[in-house]
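This briefing goes through selected features of a structure, grouped by topic.

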There are 2 protein chains.
Amino acid sequence: VILYGRNPVREALKGRRRASVGEVWATEAAAREPWLSGREVRVVRRAEELSERCGSDSHQGVCAEAGSYPYVGVGELLGGNGQPLLVALDQVQDPQNLGSICRTAECAGVAGVVIPERRAAEVTPAVCKASAGAVEHLRIARAGNLADFMRRARERDFWCYGASAPDASEERRTVPYDEPDYKGGGVLLVLGSEGRGLRPLVARECDELIALPMLGKVQSLNVSAAAAALLYEILQQRGGGVDMAS
Amino acid sequence: VILYGRNPVREALKGRRRASVGEVWATEAAAREPWLSGREVRVVRRAEELSERCGSDSHQGVCAEAGSYPYVGVGELLGGNGQPLLVALDQVQDPQNLGSICRTAECAGVAGVVIPERRAAEVTPAVCKASAGAVEHLRIARAGNLADFMRRARERDFWCYGASAPDASEERRTVPYDEPDYKGGGVLLVLGSEGRGLRPLVARECDELIALPMLGKVQSLNVSAAAAALLYEILQQRGGGVDMAS
C-alpha cells in the first residue's frame, strides 16, 4: 500500500510493525524535515507526482510504500494477562470515523480495537491518515462475527458495554454512562455504526447499554465524539490519569 | 447560501433561526420523506442537478436555499443570567472539526460557541453538514479578538479553562482535566487549533490549563475528540446527567 501524510509515514517508520516500509517519496521541503534525516528519500519536483502516486491530495508532501496493515488475531487481544480495555466497532463505515476512534483509543491507552471483517471500513491509508498514524501503534483485529467475539470475550470475564442512545429501547434499560463501575476486570466497549447504532444481535450480547446525556435538540453524537467521551470516563475511573498527574 | 444534506435542511426548517429557508430541491425518493411532507419541494430528476446546485456530492438527495447563518453577538452569550457553559475555539480551521465540535456542544447543552472572525473556519453549509444540522440550534458568535473576549468573560466571573497538552509549557502548570471543580459559575472552555494548540496570548488569558491524559505514543487527540471528552466531564460535574437518569 502507499501511505501518505507526515504522521502516517513517520509513525509507520517508528512503529516497525508493517512487514516493510520501502521507498519514501517527498517534496524537497518535506525531505528536509528532521524525522526523515538519515533516511533515503526520493525527492519529487512537483507535489502532483505524490498525489498521483497515493491517489490523494492530502499527502502533505510525503508518501511511502509499505506492507499491508498488520492486523493481530482476535485471540491475541483476549489472551493476554491483566484487565485490558478493548473497543469493538459494529459496522463503522466511515474511514474518517474509524481513524478518529483509533487515534483516541491509542491516546487513551486502549489495548486493542476489533472491527468486523465485512460491511465496515478497513485500515486503509486514508484511515491511517485520519488516525494521525495512531493505527501503527494500536493492535487492531478483524472478527468474522462480532457477536461471537463478544461471547468469547464474556467467557473470559470481559464486561461488555454497548454505547446506545438514552431512549434506544423500550424493552431494555439504558443506564447513564457514568453509572457503571468500570474498575477491575476486562472491559469491552462496543460502538455502533454512524446511522443506526448497534445491531440488535450485538446489543443482545452487551451486559449493559450505556448512554451519554443528550441535552440538545440534535439527539445523537458522532460516533467518534461518543467514543472520546466514553473512553475518557472509563479511563478516569480506572485511574488512567494517575501517570500524567504524577 | 445553499444548505445540503438531510439533517442540515431539516434542522434549518425546525430551527427557524435563518432569515429564510426558501426553495427546497430534492430527488424523488428524498421528497417523499415524512419530514418534507406538506412542504413545497422542487423534485429534480438527477442527483447531479443537486450536486451542481450546492457544489457538493454529499447532499443526500436534498438541498435548500437559505438565509446566511444567524450569528449572535458576543454580548448575548455573556449577558444572560445563570451560570452558562461556553466554548471558544482559537483558530480551528477544519470545517469538519468545527462542525463536529458544534454537534457535541449542542448535545452537551452548551449555551454558546465563540469563534474568531479571522483565520478560522466559518459556519458554512459544509460545517452545517458536519454538525448534522446542530448549528441551527446552537448560538454561535464571532469575536474580533479572542483574548479580548476572554477578558470580558472573566470580568463577568467566567472561569476560563484552556485545553492543553500535558507537557505544553515548562513555565506554567497544566492540571489534569478532572482536577478542577467546574461546578457553579460560568465556565468558558477554550480549544486551540488542530496543529498548534492555543496561541500564547490566548493561553495567557486562561485561568487554568487542563489536559487529558495521553497514554499512547501519539501524543495528541483530535480537537473534536478532546472537546467531547472535556465537555462531558464538565457536564458530568455540573450535574448534566441528572435529566437523563431521571
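Helices here are DSSP runs of H or I with at least four residues, and they are numbered from the N terminus. The model is predicted. Just past the end of α3(A), Gly55(A) has a positive phi of about 75°.

**Helix α3 of chain A**
- Helix α3 of chain A covers residues 47–54 and packs on the sheet, where it touches β1, β2, β3 and β4 of chain A.
- The direction of α3(A) makes about 145° with that of β2(A).
- Buried positions in α3(A) are Leu50(A), Ser51(A) and Cys54(A).
- Viewed down the axis of α3(A), the buried residues fall within an arc of 100°, so they line one face of the helix.
- An α-helix has 3.6 residues a turn, so residues three or four places apart point the same way.
- The cover over the buried residues of α3(A) includes β1, β2, β3 and β4 of chain A.

**The four-stranded sheet of chain A**
- Four strands of chain A form an open sheet in the order β1-β4-β2-β3, and the pairing is mixed.
- At the edges are β1 (2–4) and β3 (41–44) of chain A, each of which pairs on one side only.
- From one strand to the next, the twist averages 25°.
- Strand β2 (residues 21–27) of chain A runs antiparallel to strand β4 (residues 62–66) of chain A, and four bridges join the two.
- Within this pairing, Ala26(A) has Val62(A) in β4(A) as its bridge partner.
- Helix α1 (residues 6–15) of chain A also lies across part of the sheet, over β1, β2 and β4 of chain A, and runs at about 120° to β1(A).

**Parallel pairings in chain B**
- Strand β8 (residues 158–163) of chain B and strand β11 (residues 208–211) of chain B run parallel and are joined by three bridges.
- Opposite Tyr161(B) stands Glu208(B) in β11(B).
- Strand β9 (residues 174–176) of chain B also pairs with β11(B) in the parallel sense, over three bridges.
- Val175(B) has Ile210(B) of β11(B) opposite.

**Nonpolar core**
- The largest nonpolar core contains 119 residues, and Tyr232(A) and Tyr232(B) have the most contacts inside it.
- Leaving out residues up to four places away in sequence, Tyr232(A) touches residues of chain A, namely Thr104(A), Cys107(A) and Ala108(A), and residues of chain B, including Tyr177(B), Leu212(B), Pro213(B) and Met214(B).
- Leu221(B) and Ala229(B) are also among the residues that Tyr232(A) touches.

Conventions. Residues are numbered from 1 along each chain as its sequence is written. Chains are lettered from A and ligands numbered from 1 in the order in which they are written. This is a predicted model: local features need pLDDT of at least 70, side-chain atom pairs count only at pLDDT 80 or more; totals for chains, interfaces and linings use all residues. Side-chain values use heavy atoms; hydrogens and water are left out. Two strands pair if DSSP finds at least two bridges between them. Axes are lines fitted to C-alpha atoms, for helices over the stretch in contact, and angles run from 0 to 180 degrees between N-to-C directions. Contact means heavy atoms within 4.5 Å. A nonpolar core is a set of buried Ala, Val, Leu, Ile, Met, Phe, Trp, Tyr and Cys residues joined through side-chain atoms within 4.5 Å. Buried means under 20% relative accessible area, exposed over 50%, partly exposed in between (1.4 Å probe, protein chains only). The arc is that of the directions from the helix axis to the C-beta atoms.
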